[in-house]
Amino acid sequence: MNKSKLMLILASSVLLVSCGAGEKEVTFDQAKETASEILEATKDENFKAPTKATGELYTKMKDKGEAKISFICDMDNSYFYSKMEAIQVNDATSKTTEGVMEEWSYKEGEENIEAMSVTSDSETLKYYTKTREWSPSYTPTTFVSLQDELLEELSKAKTEKDFVDVTEGINTIKYKTSGKGNLTIEATGDDGEILNLVIKDNLLTHLEVTTKEATETYSVTYGKADFKKPNLSEFQDLSSIAM
């Protein structure tokens, strides 16, 4: 085999992998079986969710308002960070950030620190306090619980119509899998409704739901949590203020 032909075969193989080779469309009943297998795995007493996660939650309202929340969670070290941005879409090319809120929750020695930075109308307030408990807003188990809730609806549906009716507005739906623990659901509706669910290795990595009112998207990467502590010298200590 000459070198040019070999390179062409290799290039084609890379393209197939990048386009999702290995994932095949399956029937509703096969999707139910895969959903049940994933539920069995995540509900097993020996199941351990990842301890680190980085993700983004995005909401776009039809009235042109947007909100984006990015987060970092490290269960091993009791670190949590989130950043929420409220955005007003003015037109097709212009957006205005109306407010930004950052939150840190982490263990410092024997104490837990809760810090917050809020920016609105060009003014920023920064403050922190010491608490008894570490309080993350999102953890890897948050998304395991979310996926299990959706998969339970699928696994309990006697017919596809039962499941589709739960997902309002959906009229066409496809199920795909690349093996045990992996499931993709793609659905669309007449008025632009969308459901896109991706589970890999028994873990939710992507969820998009679009209705007539809004679009909500969840994207999660597990095993990654690059957390940075805030510079508390720039924050007001509310713990020292007498109530």
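**Figure 1. Contacts and composition of the whole chain.** Of the contacts in the chain with a separation of 6 or more, 48% are accounted for by residues 24 or more positions apart; a contact means heavy atoms within 4.5 Å. The model is predicted, and local features need pLDDT of at least 70, side-chain atom pairs count only at pLDDT 80 or more, and totals for chains, interfaces and linings use all residues. Residues are numbered from 1 along each chain as its sequence is written, and side-chain values use heavy atoms, with hydrogens and water left out. The secondary structure comes to four helices and 13 strands, where helices (H or I, at least four residues) and strands (E, at least two) are DSSP runs numbered from the N terminus. Buried residues make up 35% of the 243 residues in the chain. Here buried means under 20% relative accessible area, exposed over 50%, and partly exposed in between, with a 1.4 Å probe and protein chains only. The chain exposes about 14800 Å², of which carbon and sulfur atoms supply 50%; accessible areas come from the Shrake-Rupley method with a 1.4 Å probe, and for residues only the protein chains shown count as cover.

**Figure 2. The packing of helix H2 with helix H3.** Helix H2 (residues 28–42) packs with helix H3 (residues 140–156) at an angle of about 140 degrees, and their axes are 9 Å apart. The axes are lines fitted to C-alpha atoms, for helices over the stretch in contact, and angles run from 0 to 180 degrees between N-to-C directions. H2 and H3 are therefore oblique to each other, since angles under 35 degrees count as roughly parallel, over 145 as roughly antiparallel, 65 to 115 as roughly perpendicular and the rest as oblique. The crossing of H2 past H3 is left-handed, a term used if the near helix is turned anticlockwise from the far one by less than a right angle, with right-handed used if clockwise. Residues of H2 that meet H3 include Phe 28, Ala 31, Ala 35, Ile 38 and Leu 39, and those of H3 that meet H2 include Val 144, Gln 147, Leu 151 and Leu 154. The residues of this contact of H2 with H3 divide into eight nonpolar, four polar and three charged. Ala, Val, Leu, Ile, Met, Phe, Trp, Tyr, Cys and Pro count as nonpolar, Asp, Glu, Lys and Arg as charged, and the others, Gly among them, as polar.

Figure 3. Glu 160 is found in helix H4 (residues 160–166) and counts as partly exposed because its relative accessibility is 31%. Although Glu 160 and Phe 28 are 132 residues apart along the chain, their C-alpha atoms are separated by 6.4 Å. Leaving aside neighbours within four places in sequence, Glu 160 is in contact with Phe 28, Ile 173 and Tyr 175. Lys 180 lies in the loop between strand E8 (172–177) and E9 and is exposed, with a relative accessible area of 66%. Lys 180 is 142 residues from Ile 38 in sequence, and the two are 7.7 Å apart in space, C-alpha to C-alpha.

Figure 4. Ser 78 is found in the loop between strand E3 (65–74) and E4. Its phi is positive, about 55 degrees, although Ser 78 is not a glycine. Most residues other than glycine have a negative phi. Ser 78 is buried, with a relative accessible area of 16%. Ser 82 has its place in strand E4 (residues 79–91) and counts as buried at 8% relative accessibility. Not counting residues up to four places away in sequence, Ser 82 touches Ile 69, Ser 70, Phe 71, Met 101, Glu 102 and Glu 103.

Figure 5. Ile 113 is found in strand E6 and is buried, with a relative accessible area of 3%. Beyond residues up to four places away in sequence, Ile 113 touches several residues, among them Trp 104, Tyr 106, Tyr 128 and Leu 232. Ser 122 is found in the loop between strand E6 (111–120) and strand E7 (123–131). Ser 122 is exposed, with a relative accessible area of 78%, and has a positive phi of about 65 degrees although it is not a glycine.
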